Amino acid sequence: MKLEVVVLPVADVDRSKTFYKALGWREDTDIAAGDGFRAVQLTPPGSGCSVIFGSGVTSAAPGSTQGLYLVVNDIDAARSELIDRGVDVSEVFHDAGEALPQAGTEGRRVPGPAPDRKSYFSFASFSDPDGNGWLLQEVTTRLPGR
């Protein structure tokens with residue numbers, strides 16, 4: 001099995017399409033069929049998984065999807081690229097816990113990258129125009145089997 005598509009609930013399809021294309025994501029399709037149905041699919045560079053959003057695609061509330069991970073090799077470079085593309089990105093942070101690489105819920109976020117830049121433990125966050133929440137996660141060394 002492979003995860004290929006994640007559905008994002010959005011309020012304005014064109015605004016969302018503009019936002020994600022401005023991130024440099026590839027447009028795979030923009031299809032309308034009948035009254036009230038439109039689906040847009042985009043894929044982040046290098047990703048095997050795409051996002052899909054549109055009208056009549058999901059009944060979920062716009063902005064309700066949280067904790068979507070974008071894995072990057074260099075969190076500082078990825079953060080800078082997003083800022084250059086007009087995205088409001090948090091400062092780099094790590095989680096106060098030490099056992100698992102968490103996304104650092106408010107109150108657990110510690111400023112700066114993980115100690116020793118430990119792979120999987122450094123994050124930055126941003127949201128799309130509807131509030132769907134994304135996390136950059138720095139992964140420099142993969143866990144076995146990945």
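Me: Which residue in β8 does His94 stand opposite?

Reply: His94 stands opposite Ser122 in β8. The model is predicted: local features need pLDDT of at least 70, side-chain atom pairs count only at pLDDT 80 or more, and totals for chains, interfaces and linings use all residues. Residues are numbered from 1 along each chain as its sequence is written, and side-chain values use heavy atoms, without hydrogens and water.

Me: Why are β6 and β8 said to pair?

Reply: Strands (DSSP runs of E, at least two residues; helices are runs of H or I, at least four; both are numbered from the N terminus) pair if DSSP finds at least two bridges between them. β6 (residues 93–95) and β8 (residues 122–127) have two bridges, in the antiparallel sense, so they count as a pair.

Me: Why is Glu138 called buried?

Reply: Buried means under 20% relative accessible area, exposed means over 50%, and partly exposed lies in between (1.4 Å probe, protein chains only). Glu138 has 3%, so it is buried. Leaving aside neighbours within four places in sequence, Glu138 has contacts (heavy atoms within 4.5 Å) with residues including Val72, Ile75, Arg117 and Ser122.

Me: Why is the link between Arg108 and Asp95 called a polar contact?

Reply: The term covers a pair of N or O atoms within 3.5 Å; within protein, one must be able to donate a hydrogen and the other to accept it, and residues adjacent in sequence count only if both atoms are side-chain atoms. The side chains of Arg108 and Asp95 make such a contact at 2.4 Å, so the distance is within the limit. Arg108 lies in the loop between β6 and β7 and, at 36%, is partly exposed.

Me: What makes a set of residues a nonpolar core, and which members of the largest one touch the most others?

Reply: The members are buried Ala, Val, Leu, Ile, Met, Phe, Trp, Tyr and Cys residues joined through side-chain atoms within 4.5 Å. The largest core has 26 residues, of which Tyr20, Phe53, Phe126, Trp134 and Leu136 touch the most other members. Elements giving two or more residues to this core include α1 (13–22), β4 (50–55), β8 and β9. Among the residues in contact with Tyr20 are Phe53 and Trp134. In soluble globular proteins, nonpolar side chains tend to be buried together.
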